[in-house]
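How does one decide which structural term applies to a residue or a strand?

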Amino acid sequence: MRATARLVDCSFNTVSKLLIESGRACTKFQDKALQKLPCKRIQIDEVWGFVGAKDLNCSPEKKAGGWGSAWVWVALCADSKLLATWFIGPRVPQSAYHLLYDLRERLAPDHNVQITTDGFAMYLKPVHSAFVGQADYAQLQKIYGAEPTSSGRYSPAQCMGTRRAVISGNPDPKHISTSYVERHHMNLRMSNRRFTRLTNAFSKKLENLEHSVALYAMHYNFCRIHRTLRVTPAMEAGISDHVWSVEEIISLLS
């Protein structure tokens with residue numbers, strides 16, 4: 001944001017205000033546009049970020065104000081690559097319930113869907129509660145080796161293999177995968193400076209992180225042409241008939 005202010009020679013507060021206004025507009029638009037989605041295969045995962053400071057450096061007062069770890073819970077359509085819904089919150093069951101119930105409301109009615117998550121146990125009850133027999137649910141469980149001995153690591157232990165586990169329904173074994181949503185996490189980190197590790201670019205307010213992700217999702221769904229699909233995810237999902245320009249996103253502010 002400071003780099004933007006320097007490049008266009010304006011106040012940092014002006015850039016901050018534009019982020020808030022555009023984030024709210026993108027959230028409002030996508031909340032209405034991402035409805036009755038024809039998604040048949042959904043991959044769900046969460047990606048870590050933080051606000052203000054990492055958990056170990058946060059006082060209880062700061063944590064109460066929204067500082068600390070902030071997980072972006074993502075539901076991605078494996079066919080259209082559409083970011084169907086997302087939620088920013090702590091890594092607790094309530095966040096998983098929020099994501100799954102919101103996803104259910106956005107899918108086409110009486111629509112059976114195959115859902116794949118990793119082996120995170122926190123997804124089990126929310127999936128069953130939200131879809132009640134209307135989803136074929138499977139997990140791609142990763143098998144890890146021994147924990148690294150270094151204390152300052154930023155990644156899990158080495159993945160030694162995976163195991164496909166059918167939880168409910170009759171999911172297609174060929175499509176029990178989280179590859180697309182994990183690849184999307186790289187897009188999020190590469191496209192959003194706030195998720196860059198070991199820098200001072202992290203969000204200082206939870207609200208600004210939410211607006212930034214909403215703006216990213218708008219560009220990803222409606223403006224960015226997918227290299228394989230040759231169209232945007234929104235066009236592939238049938239909720240847009242053209243590639244959006246940045247000017248069209250700005251027009252949502254009016």
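The questions that follow concern the terms used for this model.

This is a predicted model, in which local features need pLDDT of at least 70 and side-chain atom pairs count only at pLDDT 80 or more, while totals for chains, interfaces and linings use all residues. Residues are numbered from 1 along each chain as its sequence is written, and side-chain values use heavy atoms, with hydrogens and water left out.

Q: Why is asparagine 192 called buried?
A: Buried means under 20% relative accessible area, exposed means over 50%, and partly exposed lies in between (1.4 Å probe, protein chains only). Asparagine 192 has a relative accessible area of 5%, and is therefore buried.

Q: Where does asparagine 192 lie, and what is it in contact with, leaving aside its neighbours within four places in sequence?
A: Asparagine 192 is in the loop between helix H6 (179-191) and helix H7 (206-222). Helices (H or I, at least four residues) and strands (E, at least two) are DSSP runs, numbered from the N terminus. With those neighbours set aside, asparagine 192 is in contact with Ser212, Val213 and Tyr216, where contact means heavy atoms within 4.5 Å.

Q: Why is leucine 18 called partly exposed?
A: The relative accessible area of leucine 18 is 46%, so the residue is partly exposed. Leucine 18 belongs to helix H2 (residues 12-33).

Q: What makes strand S3 (83-89) and strand S6 (159-168) edge strands?
A: The open sheet has six strands in the order S3-S2-S1-S4-S5-S6, with mixed pairing. S3 and S6 each have a single partner strand, so one side of each is left without a neighbour in the sheet.

Q: How do you know that strand S2 (residues 68-77) and S3 pair?
A: Two strands pair if DSSP finds at least two bridges between them. S2 and S3 are joined over six bridges, in the antiparallel sense. S2 and S3 form a hairpin with five residues between them, and lysine 81 in the turn has a positive phi of about 65°.

Q: Why is S3 called mostly covered?
A: Six of the seven residues of S3 are buried.
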